[in-house]
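Here are my notes on this one, written for someone opening it for the first time. Keep the viewer beside you as you read.

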Amino acid sequence: MADQADDEALREAGRLLFAGAADFATAADSLESLPPMNGHEIAFAGRSNVGKSSLINALTGRNTLARTSHTPGRTQQLNFFDLGGKLTLVDMPGYGYAAVSKARVASWTELIHAYLQGRANLARVYLLIDARHGIKANDAEVLDELDSAAVSYQIVLTKADALKKGEIQARLDATAAALARRPAAYPEIILTSSRTGDGIAELRASVARLLAERA
């Protein structure tokens, strides 16, 4: 009963955290343009077209907070969103595919590496993985870097509504197995769908738990 009460308290804390003000704060396309490190930040990373912007919009209950697009690679900078001074969300450029030059992709990559390794107030990276495909080679490269930089991260499976019921547990098991020996991985995997809202309350609760632990 105590565990159930704790879970309900975290879900309510998560709901309240994301129910308040949520505003675009700034964007950075270079190290020089990164904002000062104030309070806790969480970042959302993932392959292009994995649904980062849609997930941020679902979390905050705002359809247009983060810009969504059917064209992979539209997020071309680090976008910072302020949750009423309680938390900053960071939408990172997608990796894997983008309809831009190799030089531009290299510039993003350098910025992302520097951000991950030098952002002392970064509490956790939520790495989004398309539930239909699981962890791909370029996802594994990001996991390697997060482990190397000792940055805490948690896997969020997106587009779960596209899986058949019998496929869900298999995908969760395969993902857990891939994370088993990764030192910086948070063990809980969250299954979400921005379209149906599944897993959104659980993800909000996860963020609320993280902030409570860091307080």
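The numbered points below go from the overall layout to the sheet, the helices and the cores.

1. First, a caveat: this is a predicted model. The chain has 215 residues, and buried ones make up 45% of them. Its secondary structure comes to six helices and seven strands. If you trace the chain from the N terminus, the elements come in the order α-β-β-α-β-β-α-β-α-β-α-β-α. Take the contacts in the chain with a separation of 6 or more: 75% of them are between residues 24 or more positions apart.

2. Now the sheet. In what order do the seven strands line up? The order is β1-β3-β4-β2-β5-β6-β7, in an open sheet with mixed pairing. The edges belong to β1 (23-28) and β7; each has a single partner strand, so one side of each is left without a neighbour in the sheet. As background, strands of a sheet pair through backbone hydrogen bonds, either parallel or antiparallel.

3. Toward β5 (residues 122-130), six bridges join the two strands, which run parallel; here Ala43 stands opposite Val125.

4. Move along to β6. Is this strand enclosed or open? Six of the six residues of β6 are buried, so the strand is largely enclosed by the rest of the structure. Both faces are covered, with Tyr153, Ile155 and Leu157 on one side and Gln154, Val156 and Thr158 on the other. β6 pairs with β5 in the parallel sense over six bridges, and Ile129 stands opposite Leu157. Between these two strands the chain passes through α4, and this β-α-β crossover is right-handed.

5. β6 also pairs with β7. Two bridges join β6 to β7 (residues 190-191), and the strands run parallel. Leu157 turns up again here, with Leu191 as its bridge partner in β7, and Val156 stands opposite Ile190. To get from β6 to β7 the chain goes through α5, in a β-α-β crossover that is right-handed.

6. Next, the helices on the sheet. α5 lies across β6 and β7 and runs at about 155° to β6. α6 packs on the sheet as well, touching β2, β5, β6 and β7, and its direction makes about 160° with that of β5.

7. Eight of its nine residues are buried, so α2 is largely enclosed by the rest of the structure. Among the buried ones are Lys52, Ser53, Asn57 and Thr60. Just after α2, Gly61 takes a positive phi of about 70°. The axes of α2 (residues 52-60) and α6 (residues 200-214) come within 10 Å and cross at roughly 80°. That angle makes α2 roughly perpendicular to α6. In the viewer, look for Leu55, Ala58 and Leu59 of α2 meeting Ile200, Leu203 and Arg204 of α6.

8. Last, the cores. In soluble globular proteins, nonpolar side chains tend to be buried together. Which residues touch the most other members of the largest nonpolar core? They are Leu78, Met92, Tyr115 and Val125, out of 31 residues in that core. β2, β3 (78-82), α3 (102-118), β5, α4 (137-149), β6 (153-158) and α5 (165-179) each supply at least two of its residues. There is also a second, separate core of 26 residues, which includes Ala22, Leu65, Leu89 and Ala123.

9. Leaving aside residues up to four places away in sequence, Leu78 touches Thr26, Ala27, Ala28, Leu34, Val90, Asp91, Met92, Pro93, Leu111 and Tyr115.

Notes: Residues are numbered from 1 along each chain as its sequence is written. Side-chain values use heavy atoms; hydrogens and water are left out. Two strands pair if DSSP finds at least two bridges between them. Helices (H or I, at least four residues) and strands (E, at least two) are DSSP runs, numbered from the N terminus. A nonpolar core is a set of buried Ala, Val, Leu, Ile, Met, Phe, Trp, Tyr and Cys residues joined through side-chain atoms within 4.5 Å. Buried means under 20% relative accessible area, exposed over 50%, partly exposed in between (1.4 Å probe, protein chains only). Contact means heavy atoms within 4.5 Å. A crossover is right-handed if, with the strands pointing away from the viewer, the path from the first strand over the helix to the second runs clockwise. Axes are lines fitted to C-alpha atoms, for helices over the stretch in contact, and angles run from 0 to 180 degrees between N-to-C directions. Angles under 35 degrees count as roughly parallel, over 145 as roughly antiparallel, 65 to 115 as roughly perpendicular and the rest as oblique.
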